[in-house]
Amino acid sequence: MEQTLKPASKTAKSVSKGGGLISERVTDSILARIASGEWGPGHRLPGERQLAEDMGVSRVSVRAALQSLKTQGLLDAVQGGGTRVIASSAAMDPGMQELVRVNCENLTDLAEIRSILEMWAVGRAALRHTPEDIAELEAIMAATEADIAAGKHKIENDVRFHLAIAKAARSGIYLHVVSVIRGVLREMVDYHRYELFPTREDDRNILTQHRAIFDGIKAKDPEAAEAAMRTHLGWVLERYAKERASKKS
């Protein structure tokens, strides 16, 4: 929820002219939106004028707050003007992708770590989702079903499904974690759909499992959503184990 920051006295007004305490309160207000997940990685912030009007402070205070958050590595300037939220550790992504490419064991480790994280996220999503989140997930499910009916393999829908759950969890820190591994997640899903799960039967199984996850979220039933995600990712990890065993034999 946005906090209106209006100077309460002449002293407060004078402080705002030089940045000072008012800018710190503006910084905290922006940080609260980032931390809640309302403004996730890549989100473009309103302009200085709009932020100042919304918060009831001067543009000087807003500018000082934005500069402070840029220094902390949470915001970045957008080419052509404006400011956006960034993931300060996004540079890890290429290195992580390289680790996965050179050693398949690392991909298995990442799949196990991902299963732990997504179990947590789906439970949160069941409790904190918005009507917009449900509409987005419904659209993704419909697109997935249409692609499978047409005999297509579209990894974009799988990636979108898991990213939509991350968004619905309403956690700024989790969104930043996901932004770090987003590139690897895409490669992982690509490997799943074209190597581990290439058949039409696999497509139907994935659709059924995603549907159960979605139903749990929509019903605001975290236990059901977590159980469905456990079944889905357990099925994936079981296939990983079989693939690894076949390569060793």
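# Cavities and a helix crossing

Helices α8 (155-168), α9, α10 (200-218) and α11 each give at least two residues to the lining of the largest cavity. The model is predicted. It holds 4 cavities of 30 Å³ or more.

**The largest cavity**
- By class, the lining of the largest cavity has 6 nonpolar, 4 polar and 3 charged residues.

**The second largest cavity**
- About 80 Å³ of space lies in the second largest cavity.
- Its lining residues include R114, E118, H162, Y174 and L185.
- Helices α6 (104-128), α8 and α9 each give two or more residues to this lining.
- Helix α9 gives the most, with 5 residues.
- The lining of the second largest cavity divides into 8 nonpolar, 1 polar and 2 charged residues.

**Where α9 meets α11**
- The axes of α9 (residues 172-196) and α11 (residues 222-248) come within 12 Å and cross at roughly 65°.
- That angle makes α9 roughly perpendicular to α11, because angles of 65 to 115 degrees count as roughly perpendicular.
- The crossing of the two helices is left-handed.
- On the α9 side, M188, Y191, H192 and L196 make the contact.
- On the α11 side, V236, R239, Y240, E243 and K247 make the contact.
- This contact has 5 nonpolar, 1 polar and 3 charged residues.

Technical notes:
Residues are numbered from 1 along each chain as its sequence is written. This is a predicted model: local features need pLDDT of at least 70, side-chain atom pairs count only at pLDDT 80 or more; totals for chains, interfaces and linings use all residues. Side-chain values use heavy atoms; hydrogens and water are left out. Axes are lines fitted to C-alpha atoms, for helices over the stretch in contact, and angles run from 0 to 180 degrees between N-to-C directions. Helices (H or I, at least four residues) and strands (E, at least two) are DSSP runs, numbered from the N terminus. Angles under 35 degrees count as roughly parallel, over 145 as roughly antiparallel, 65 to 115 as roughly perpendicular and the rest as oblique. A crossing is left-handed if the near helix is turned anticlockwise from the far one by less than a right angle, and right-handed if clockwise. Contact means heavy atoms within 4.5 Å. Ala, Val, Leu, Ile, Met, Phe, Trp, Tyr, Cys and Pro count as nonpolar, Asp, Glu, Lys and Arg as charged, and the others, Gly among them, as polar. On a 1 Å grid over the protein atoms alone, a cavity is a set of points where a 1.4 Å probe fits but cannot get out, and a pocket is an open set with protein on both sides within 12 Å along at least five of seven lines; lining residues have an atom within 4 Å of a point. Grid points are joined across faces, edges and corners, and a volume is the space filled by probe spheres set on the points.
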